[in-house]
Amino acid sequence: MMKVGSFEEAATVFGDPLGRIVADPRHSYEEERFVLLGLSKHQRLLAVMYVDRGQSIRIISARRATPRKRRNNEEITH
């Protein structure tokens with residue numbers, strides 16, 4: 001897994017207007033989890049795994065997008 005600069009950087013992905021959110025049913029045991037794929041403020045394409053708790057969002061992990069996810073994202077946004 002490639003490290004991301006910080007959870008603060010990962011949080012900036014939520015501001016990407018072209019970010020994509022998908023459900024993560026494989027990891028949704030007690031809570032429904034999601035994956036957000038988008039650009040951070042440093043223009044890095046990140047995959048951010050999180051839980052939406054209504055009033056707050058809990059970031060579980062974040063990493064640079066894999067080459068496959070990068071290609072998929074480029075096809076959708078171009």
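**Entry 1**

I started at Val-51, which stands opposite Arg-58 in β4. The model I am looking at is predicted, so I kept to its rules: local features need pLDDT of at least 70, side-chain atom pairs count only at pLDDT 80 or more, and totals for chains, interfaces and linings use all residues. Residues are numbered from 1 along each chain as its sequence is written, and side-chain values use heavy atoms, with hydrogens and water left out.

Next I looked up the strands around that pair. Strand β3 covers residues 45-52 and runs antiparallel to β4, with 7 bridges joining them. For my own notes: strands here are DSSP runs of E with at least two residues, helices are runs of H or I with at least four residues, and both are numbered from the N terminus. Two strands pair if DSSP finds at least two bridges between them.

**Entry 1: the whole sheet**

In what order do the 4 strands lie in the open sheet? I read the order as β1-β2-β3-β4, with antiparallel pairing. Strands β1 (20-23) and β4 (57-64) stand at the edges with a single partner strand each, so one side of each is left without a neighbour in the sheet. From one strand to the next, the twist averages 25°. That angle is taken between axes, which are lines fitted to C-alpha atoms (for helices over the stretch in contact), with N-to-C directions and a range from 0 to 180 degrees.

I then went through the other pairings. Between β1 and β2 I found 4 bridges, again antiparallel, and Ile-21 has Leu-36 in β2 as its bridge partner. Strands β2 and β3 pair in the antiparallel sense over 7 bridges, and here Val-35 stands opposite Met-49 in β3. The hairpin of β2 and β3 has 5 residues between the strands, and in it Gln-43 takes a positive phi near 60°.

**Entry 2: the chain as a whole**

The chain has 2 helices and 4 strands, and from the N terminus on, its elements run α-β-β-β-β-α. Of the 78 residues in the chain, 29% are buried. I use buried for under 20% relative accessible area, exposed for over 50%, and partly exposed for in between (1.4 Å probe, protein chains only). Strand β2 is mostly covered, as 5 of its 7 residues are buried.

Among contacts with a separation of 6 or more, 39% come from residues 24 or more positions apart. Ala-11 is in helix α1 and is partly exposed, with a relative accessible area of 37%.

Is Glu-9 buried or exposed? I find that Glu-9 counts as buried, because its relative accessibility is 2%. Glu-9 sits in helix α1 (residues 7-11).

My search for salt bridges (a side-chain nitrogen of Lys or Arg within 4 Å of a carboxyl oxygen of Asp or Glu) came to a count of 2. One joins the side chains of Glu-9 and Arg-44 at 2.7 Å, N to O. Glu-9 lies in helix α1 and Arg-44 in the loop between β2 (33-39) and β3, so this pair ties together parts that are 35 residues apart in sequence. Arg-44 is partly exposed, at a relative accessible area of 25%.

Glu-31 forms a salt bridge with Arg-53, and their closest N and O atoms are 3.0 Å apart. Glu-31 is in the loop between β1 and β2, while Arg-53 is in the loop between β3 and β4, so the pair links parts 22 residues apart in sequence. Glu-31 counts as partly exposed at 31% relative accessibility, and Arg-53 is partly exposed too, at 44%.

**Entry 3: nonpolar cores**

Last, I looked up the nonpolar cores, meaning sets of buried Ala, Val, Leu, Ile, Met, Phe, Trp, Tyr and Cys residues joined through side-chain atoms within 4.5 Å. The largest has 8 residues: Ala-10, Val-13, Phe-34, Leu-36, Leu-46, Val-48, Tyr-50 and Ala-62. The elements giving two or more residues to this core are β2 and β3, and β3 provides its largest share, 3 residues. A second, separate core has 6 residues, including Val-35, Leu-37, Ala-47 and Ala-65.

Definitions and conventions: Contact means heavy atoms within 4.5 Å.
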